[in-house]
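Here is a short briefing on a protein complex.

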Amino acid sequence: MSARRIFARPARFAAIAPYLWMVLFFLVPFGFVLKIALSQTAIAQPPYVPVFDFMGGREAITAALEQLSFDNFKLLVSDDLYILSYLRSLTVALVSTAILLLIGYPIAYGMARLPQRWQPVAMMLVIVPFWTSFLIRIYAWINILQHDGLLNTVLLKLHLVSAPLVWLSTDSAMYIGIVYSYLPFMILPLYATLAKMDVSLLEAAADLGASPRQAFWQVTVPLSLPGVGAGALLCFIPIVGEFVIPDLLAGSDAMMIGQTLWLEFFTNKDWPVASAVAVVLLVLLVAPLLLYERLQHRQLEAR
Amino acid sequence: MASRRINRITRFNVTALALGFAFLYLPIVILVIYSFNDSRLVTVWGGWSLRWYREFFNDRAMLDAAWMSLRVAAVSATIATILGTLAAVALTRGERFGGRMLFSGMLYAPLVMPEVISGLSLLLLFVALDAGRGFWTVTIAHTTLTMCFVTVVVQSRLGQIDRSLEEAAMDLGCNPAQAFLSVTLPLIIPSIAAGWMLAFTLSLDDVVIASFTTGPGSATLPIRIYSEVRLGVKPEINAICTMVIALIAIVITAASFASRLSRVQGESAAPL
């Protein structure tokens with residue numbers, strides 16, 4: 001038996017503790033979300049009618065199955081509020097991802113073309129804001145965007161505007177906040193693929209008569225598509241469920257689904273509806289999540 | 001010749017980088033500068049002062065929240081580092097085992113899972129288990145999230161290490177545990193340290209999951225900051241944010257020191 005095999009056998013047991021942890025605190029809780037989503041709202045503590053009583057034996061379970069209620073899901077379909085928030089979340093996530101790609105690509109490209117010794121420094125500079133608190137970074141923008149904030153002061157001083165503009169509680173403020181918070185997540189995967197790219201391919205394109213522009217569109221861009229995919233998913237999925245940024249920066253007239261869930265849960269104390277909102281959100285995200293898992297899997301385990 | 005043309009620093013590249021980094025850093029710099037502003041108004045510069053820092057240190061509720069956050073971050077980062085490292089070892093070195101796809105799926109999904117979903121689902125679990133909500137529930141919730149980040153960091157380092165080193169140790173008579181402790185562990189220590197620090201800062205930063213899983217009377221610092229920020233800009237918050245940034249800067253410096261150490265030892269360890 002090879003040394004590798006002998007090493008591999010006990011290494012497998014390292015999985016036990018983290019496996020159990022993730023089953024208990026990641027997988028099982030989704031079961032509870034589903035269960036509560038199927039139960040009735042009640043004015044009680046906790047505010048729902050329990051569906052399952054596993055101790056009651058077979059009859060209790062069949063009785064419980066009859067009590068399952070899809071009312072919460074029917075509510076989601078019948079009330080515009082929910083459908084509009086789902087649509088708004090998807091739109092915001094799509095638009096943000098597109099802006100992130102437009103801004104992130106040139107930066108990642110610039111980094112990948114820096115002299116070799118400067119690249120780790122540039123990468124560190126991108127990662128550092130990711131480490132600083134994200135709440136603080138949103139707060140920093142409130143400082144800048146508020147009515148008598150820095151942006152309006154500068155615009156007034158430069159005589160670009162005659163009266164202060166309203167920035168806070170607008171969609172522009174929200175997009176600035178989202179792009180600002182997620183930019184490192186877009187740049188890093190893009191940079192990783194662009195930096196790995198074989199520059200001699202571009203030389204070959206140039207030798208064959210391609211202009212730098214042609215070489216960029218026909219060689220660089222297609223080769224960077226895996227990075228584009230990873231970056232886009234890494235931004236898109238969490239943005240769909242984003243709560244804090246729209247809550248602090250966007251207006252209150254349209255809500256994203258994360259805000260709707262929050263409102264149902266904390267303000268209306270309607271746990272079953274909040275759970276149903278979460279279930280539908282999860283269903284919407286299953287396809288992008290699976291795609292992301294595959295990319296992540298390939299990237300980390302193909303070595 | 002051709003290679004020089006391709007790798008030259010074009011004006012476009014420099015502009016993209018300069019604008020990009022200005023965008024990333026300017027808001028934070030402004031925030032820090034204004035935390036030293038004596039005036040209550042953000043637009044008016046009233047001279048340098050530590051007034052808002054004094055205000056924070058007299059704010060009992062804020063101090064309690066900060067202490068709670070530091071404890072949660074330290075404990076959850078430690079548990080997450082142990083579990084995440086074990087998971088990374090199992091994924092890179094272990095034999096194929098049943099449910100391996102599920103295992104890696106459960107570890108990668110929380111990296112992108114919207115926090116409202118993770119928070120809600122954990123809360124429902126804690127309620128069903130009738131667990132008193134407070135320090136431990138937040139700690140467990142943060143551990144679940146951050147151990148996945150630790151796994152990714154350590155896993156990418158384990159992937160870079162030459163496995164023949166472990167095999168050589170075993171050919172020389174080490175048992176697997178000895179080979180791991182004396183060969184593998186020293187090589188991945190810097191990335192384990194980086195993973196701990198990442199877990200610590202992520203925990204210190206979280207509002208959403210903590211809001212769901214905490215109980216009355218045990219608010220974390222981000223929850224307090226968040227509820228203050230909803231009411232508008234307050235210079236005291238600038239001061240608190242500046243101190244959090246300073247704390248994180250110290251942590252990052254330590255992390256980059258750790259990764260430089262590992263680079264000296266051989267290959268470069270990506271901080272992420």
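Contact here means heavy atoms within 4.5 Å. With that cut-off, A:Pro18, A:Trp21, A:Met22, A:Phe25 and A:Phe26 of α2(A) touch B:Ile140, B:Thr143, B:Thr144, B:Met147 and B:Cys148 of α7(B). The model is predicted. The predictor gives the complex an ipTM of 0.84 and a pTM of 0.85.

**How the two chains meet**

- The interface joins 102 residues of chain A to 110 residues of chain B.
- About 9700 Å² is buried between chain A and chain B.
- Carbon and sulfur atoms give 79% of that area.
- Three residues of chain A stand out: A:Phe7, A:Trp131 and A:Tyr139. They supply 10% of the area that chain A buries against chain B, more than any other three residues.

- Two packed helices are described by the angle between their axes and the distance between the axes.
- The crossing of α2(A) and α7(B) is left-handed.
- Sorted by class, the contact of α2(A) with α7(B) has 8 nonpolar, 2 polar and no charged residues.

**A helix pair inside chain A: α9(A) and α12(A)**

- Helix α9 takes in residues 171–196 of chain A, and helix α12 takes in residues 225–240 of chain A.
- Their axes come within 7 Å and cross at roughly 155°.
- Angles over 145 degrees count as roughly antiparallel, so α9(A) is roughly antiparallel to α12(A).
- The crossing of α9(A) and α12(A) is right-handed.
- From α9(A), the contact residues include A:Ile178, A:Tyr182, A:Phe185 and A:Met186.
- From α12(A), they include A:Val228, A:Ala230, A:Leu234 and A:Cys235.
- By class, the contact of α9(A) with α12(A) has 14 nonpolar, 3 polar and no charged residues.

**The build of chain B**

- Chain B has 12 helices and 0 strands.
- Along its principal axes, the C-alpha trace of chain B spans about 70 × 70 × 30 Å.

- Chain A averages a pLDDT of 83, and 88% of its residues score at least 70.
- Which elements of chain A have the lowest and the highest mean pLDDT? Helix α3 (residues 57–67) has the lowest, at 62, and helix α5 (residues 80–112) has the highest, at 92.
- Chain B has a mean pLDDT of 83, and 90% of its residues reach 70 or more.
- Over residues 266–272 of chain B, the pLDDT is below 50. Beyond near neighbours in sequence, this stretch has 21 contacts in the model.
- Where pLDDT is low, the predicted coordinates should not be read in detail.

How values were computed:
Residues are numbered from 1 along each chain as its sequence is written. Chains are lettered from A and ligands numbered from 1 in the order in which they are written. This is a predicted model: local features need pLDDT of at least 70, side-chain atom pairs count only at pLDDT 80 or more; totals for chains, interfaces and linings use all residues. Side-chain values use heavy atoms; hydrogens and water are left out. Axes are lines fitted to C-alpha atoms, for helices over the stretch in contact, and angles run from 0 to 180 degrees between N-to-C directions. Helices (H or I, at least four residues) and strands (E, at least two) are DSSP runs, numbered from the N terminus. Angles under 35 degrees count as roughly parallel, over 145 as roughly antiparallel, 65 to 115 as roughly perpendicular and the rest as oblique. A crossing is left-handed if the near helix is turned anticlockwise from the far one by less than a right angle, and right-handed if clockwise. Ala, Val, Leu, Ile, Met, Phe, Trp, Tyr, Cys and Pro count as nonpolar, Asp, Glu, Lys and Arg as charged, and the others, Gly among them, as polar. pLDDT is the predictor's confidence in each residue, from 0 to 100. Buried area is the accessible area (1.4 Å probe) that two parts lose on being put together, summed over both.
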